[in-house]
Number of protein chains: 2
Amino acid sequence: VESYKELSPSEFFYRNRELAGFTNPSRSLYTAVRELFENAMDACELHGIPPDILIILREIQKISNEVSIYRLYIRDNGSGIPEEHILGALGKMLYSSKYILRQSRGTFGLGGTMALLYGQITTNQPIKVVSATLRSRKVHQYTFSIDIRNNRADVKDFKRFRNKERWHGTIIDFMLEGNYSRVRTKIVEYLKYTATIAPYAEITFIDPEGRFFYFKRTTTKLPKPPKETKPHPHGIDIEILKKMLYESDEDMTLLEFLTNKFHRVGNRIAKKFLAYARIPGEMTIKELLRTSDRKLIERLYRALQNYDGFLAPSANILSPIGKEAFKEGIIKEFEPKYVDVVVRPSSSYKGHPFIVEAAVAYGGKIPGGPGEIVLFRYANKIPLLYDEGSDVSKKILSNLSWSSYRRPMDGPTAFFIHICSTKVPFKSVGKEFIADIPEVEKEIELAVRELLRGLTRYTRQVQKKKEAVKR
Amino acid sequence: VESYKELSPSEFFYRNRELAGFTNPSRSLYTAVRELFENAMDACELHGIPPDILIILREIQKISNEVSIYRLYIRDNGSGIPEEHILGALGKMLYSSKYILRQSRGTFGLGGTMALLYGQITTNQPIKVVSATLRSRKVHQYTFSIDIRNNRADVKDFKRFRNKERWHGTIIDFMLEGNYSRVRTKIVEYLKYTATIAPYAEITFIDPEGRFFYFKRTTTKLPKPPKETKPHPHGIDIEILKKMLYESDEDMTLLEFLTNKFHRVGNRIAKKFLAYARIPGEMTIKELLRTSDRKLIERLYRALQNYDGFLAPSANILSPIGKEAFKEGIIKEFEPKYVDVVVRPSSSYKGHPFIVEAAVAYGGKIPGGPGEIVLFRYANKIPLLYDEGSDVSKKILSNLSWSSYRRPMDGPTAFFIHICSTKVPFKSVGKEFIADIPEVEKEIELAVRELLRGLTRYTRQVQKKKEAVKR
Ligand SMILES: Nc1ncnc2c1ncn2[C@@H]1O[C@H](COP(=O)(O)OP(=O)(O)OP(=O)(O)O)[C@@H](O)[C@H]1O
Ligand SMILES: Nc1ncnc2c1ncn2[C@@H]1O[C@H](COP(=O)(O)OP(=O)(O)OP(=O)(O)O)[C@@H](O)[C@H]1O
Ligand SMILES: [Mg+2]
Ligand SMILES: [Mg+2]
């Protein structure tokens with residue numbers, strides 16, 4: 001006889017934490033640093049603050065040959081977390097400020113909480129969070145554990161300080177098991193690849209071996225922050241439609257509903273759509289919801305799905321790296337002989353706008369062997385360092401007809417591919433690889449081919465000069 | 001200013017349903033059929049019932065060129081769902097009878113509910129579930145919708161019938177959007193690959209085009225069902241340890257705790273362990289939990305982690321396909337000229353026992369071109385048909401030194417790889433590909449190499465015969 005059980009979200013993700021990147025001690029250490037660092041970057045960039053982030057990782061106790069207990073301290077100068085939301089944001093799974101339609105690194109409402117939970121289950125130590133919001137007169141400090149069964153924080157201590165220096169930001173301080181020697185390279189690469197595309201960020205990392213990694217900002221100019229947007233008619237399903245209808249003023253007409261609640265639907269398009277759907281624009285939401293025609297909402301939904309006269313989602317709500325910034329970042333970090341950047345026109349999938357930015361670089365400090373193709377992947381400005389074999393960008397590079405193009409063979413060639421969107425099609429909550437969505441695949445391939453044409457021209461010019469020199 | 005929100009598990013998986021395989025209409029249709037079919041197979045096999053499963057998929061309404069609304073009806077003769085658990089099992093996310101330490105297809109408590117939810121959000125239609133448990137006098141029928149916000153079922157209708165024929169099993173009947181033409185081949189392959197390793201199952205599939213696919217059983221003999229087991233000392237963390245301590249009788253001694261609550265820990269090993277850990281075996285759990293030595297539980301945990309004198313997890317609780325059954329199934333479905341099966345000795349990772357069973361076949365109806373390597377993957381008896389590029393088995397095949405072996409080049413060679421475990425290391429909740437855990441990778445590679453040695457001998461024999469014939 002089967003015995004049934006219900007799990008809370010924290011119990012579920014705790015049991016299945018390998019889905020979120022918490023597999024072995026070295027990978028878990030990497031994922032913890034990554035998730036907390038991404039929270040810090042979001043807290044700064046989404047609010048127009050040039051990021052100042054300090055990460056200190058100290059070895060506290062050896063457990064075995066390679067595994068130790070570490071203390072991870074991370075501080076940012078971001079927007080902070082309001083006092084009433086601290087315990088939710090970092091003590092509860094599925095509690096987030098990123099559940100809106102806006103580009104950000106965070107998306108699932110899991111990462112930071114998972115890192116802290118991993119620390120707790122491997123060390124039995126409480127977690128300390130200190131935070132002050134912009135212009136706040138107080139600094140709040142919570143010491144807590146996570147009650148996994150009930151998905152909530154269990155407060156051990158709380159302090160409130162006067163915010164004399166008008167500091168704003170967040171400090172997270174906790175212990176976790178890890179294996180630093182096996183993942184040191186990855187952690188430093190992660191920070192370096194972030195610095196490559198975020199030259200406005202100042203990042204300091206002090207590692208357990210006492211090494212000091214400092215990525216100095218080269219500009220205070222931030223790219224424009226992303227904006228929240230409304231759903232696109234092709235980005236909804238019946239449940240979302242019903243929710244939008246129920247949350248609107250019931251005296252609102254369908255025409256008003258379409259023009260107010262959807263992304264880029266103006267009067268003219270709304271009227272054309274209503275004619276196509278054969279639904280009267282003056283009908284109110286109240287009438288729609290109480291109609292005896294049970295199929296009316298479904299007809300409205302099918303029509304929204306099928307009508308092809310809507311404007312494509314606009315990309316001006318996105319926050320790409322930018323052609324110049326991308327180029328300068330690659331030049332600063334890798335000092336290549338040749339670099340080229342392509343920014344594809346914006347596109348969309350399932351109502352979500354996205355932009356592909358890609359770069360190719362050769363020479364200088366590009367890592368790799370002669371003729372090797374090296375791939376650097378980014379999604380919503382997050383460097384993706386694992387699971388390359390499962391990623392759509394790798395698949396595209398592997399399937400290209402390389403014989404149609406030329407590249408220098410005395411050193412490696414690096415490709416940098418960045419996708420930004422209101423929803424990056426990650427294949428797992430660990431956010432390390434991207435699904436092959438046809439629209440996204442198409443844009444990546446077009447970008448890479450354009451870069452390869454430029455690289456072919458460059459390679460031929462270099463070849464000609466060499467032959468000229470020989471003669 | 002950030003706006004914070006908490007999502008219920010159903011809201012989270014609904015928003016991120018592509019993580020669970022609900023991406024586009026064709027893939028979603030496949031995943032829905034797969035998830036419900038796997039529930040049916042578990043309900044039969046876990047209770048020693050030879051499965052009789054009927055699947056009817058009917059097209060109800062065309063929406064566009066390729067996308068239609070379908071009605072999916074699936075019936076099994078399994079153990080049924082007790083009346084008080086029907087709405088939880090299929091109306092709530094994270095409600096499951098598979099959250100125990102036992103091999104089964106189900107593992108996350110999501111799949112069936114997600115399929116029904118996908119149907120609801122694409123058609124706005126309620127779901128019907130009919131079920132009767134073994135020897136039950138009543139048959140219960142619920143018609144419900146899923147309240148996504150609150151993660152619970154919203155009952156529309158309930159009926160209770162007298163179970164005159166003493167039927168047992170479950171019927172699920174609901175509508176969903178899909179694209180059958182694009183995924184027909186995959187659905188039929190999925191059922192065929194299941195039949196290959198489950199010759200005791202009788203499967204009937206009637207598709208929207210009126211085609212009748214019938215996989216007749218060739219035996220009523222089931223493999224022994226898997227058993228539930230206790231945690232292994234290397235399969236726990238501090239939270240699990242604390243939970244096990246709190247749930248035990250507090251007057252129990254630590255010696256009794258070790259021998260009663262852990263997998264394969266007898267008196268002798270427990271005493272040796274306690275000596276290693278320098279913890280007195282007569283100490284009671286009450287004393288351990290109230291000790292002023294705050295570090296004692298952590299010391300116990302570290303010692304459990306590091307002590308290497310524990311017996312490896314036993315595989316007799318697993319339910320592999322079996323060497324003979326695997327061979328017979330491949331012969332029946334593919335009629336190959338050559339087939340060989342290897343069953344690796346059981347191994348374990350992180351305290352979870354696992355067995356790798358692998359087969360190679362050539363000739364007959366093996367699909368593919370000359371010299372092509374075809375891979376059929378299975379995990380806990382589930383055929384994995386997508387995301388091969390991300391799977392550990394594919395990676396191993398790709399990295400083999402093929403030049404060291406011989407295989408016939410006039411047709412394809414198929415490899416079948418099955419991994420069964422109390423916890424299959426799936427990389428995503430969509431259960432289509434497996435992570436590269438070192439212990440698992442090693443066993444797969446050893447199995448494949450052994451198969452390749454056999455195939456090499458066979459290929460040379462065939463070559464010799466051909467040359468003899470020529471002379
Ligand atoms: N350093 C920080 N500064 C400000 N707010 C933060 C910080 N760290 C976390 N938060 C808040 O806590 C919330 C939850 O963080 P968490 O990392 O668990 O999830 P997320 O970032 O929303 O999504 P994801 O799982 O994709 O990371 C965030 O949405 C954010 O509002
Ligand atoms: N056909 C069935 N017969 C008997 N029990 C069933 C059936 N379908 C579902 N159940 C019960 O409902 C529970 C939930 O099913 P669901 O598919 O949502 O999750 P799961 O099978 O436990 O895990 P997974 O997400 O990995 O499939 C199962 O654990 C099982 O107890
Ligand atoms: Mg986060
Ligand atoms: Mg299931």
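This is a short talk on how two protein chains sit together and how two ligands are held between them.

Before anything else, keep in mind that what you see is a predicted model.

I'll start with the chains. Turn chain A by 180 degrees, shift it by 0.0 Å along the axis, and it lies on chain B with an RMSD of 0.0 Å. That is the relation of a two-fold axis. If you want to find the axis from chain A, look for A:Ser390: its C-alpha is the one in that chain nearest the axis, at 2.2 Å.

What about the surface through which the copies meet? Of the interface residues of chain A, 100% are also interface residues in chain B, so the two copies use the same surface to meet.

Next, the layout of one chain.

Now ligand 1. How many residues surround ligand 1? There are 24, and the closest are A:Ser96, A:Ser97, A:Thr107, A:Gly111 and A:Lys431. Those five carry the letter A, but residues from chains A and B surround ligand 1, so this site is shared between chains.

The most come from H2(A), which supplies four. Sorted by class, the shell around ligand 1 has nine nonpolar residues, 11 polar ones and four charged ones.

Some of the contacts with ligand 1 go through the protein backbone. A polar backbone atom of A:Thr107 is 2.6 Å from an oxygen atom of ligand 1. For A:Phe108, a backbone N or O atom lies 2.9 Å from an oxygen atom of the ligand. A:Thr113 also has a polar backbone atom facing this list, 3.3 Å from an oxygen atom of ligand 1. As for cover, ligand 1 on its own has 590 Å² of accessible area, and the protein covers 97% of it.

On to ligand 2. Here too 24 residues lie around the ligand, and those that come nearest are B:Ser96, B:Ser97, B:Thr107, B:Gly112 and B:Lys431. Is the site made by one chain or shared between chains? It is shared, because residues from chains A and B surround ligand 2.

In B:Asp76, an N or O atom of the side chain is 2.9 Å from a nitrogen atom of ligand 2. In B:Glu35, a polar side-chain atom lies 3.4 Å from an oxygen atom of ligand 2. The backbone contact belongs to B:Phe108, with an N or O atom 2.9 Å from an oxygen atom of the ligand. Taken alone, ligand 2 exposes 590 Å², and the protein buries 97% of that.

In chain B, the elements giving two or more residues to the shell around ligand 2 are helix H2 (25-45), helix H3 (86-91), strand S4 (95-96) and helix H4 (111-123). H2(B) gives the most, with four residues. By class, this shell holds nine nonpolar, 11 polar and four charged residues.

Note on methods. Residues are numbered from 1 along each chain as its sequence is written. Chains are lettered from A and ligands numbered from 1 in the order in which they are written. This is a predicted model: local features need pLDDT of at least 70, side-chain atom pairs count only at pLDDT 80 or more; totals for chains, interfaces and linings use all residues. Side-chain values use heavy atoms; hydrogens and water are left out. Copies are superposed by least squares on the C-alpha atoms of residues with pLDDT of at least 70 in both. Contact means heavy atoms within 4.5 Å. A residue is near a molecule or strand if one of its heavy atoms lies within 4 Å of it. A polar contact is a pair of N or O atoms within 3.5 Å; within protein, one must be able to donate a hydrogen and the other to accept it, and residues adjacent in sequence count only if both atoms are side-chain atoms. Accessible areas come from the Shrake-Rupley method with a 1.4 Å probe; for residues, only the protein chains shown count as cover. Ala, Val, Leu, Ile, Met, Phe, Trp, Tyr, Cys and Pro count as nonpolar, Asp, Glu, Lys and Arg as charged, and the others, Gly among them, as polar.
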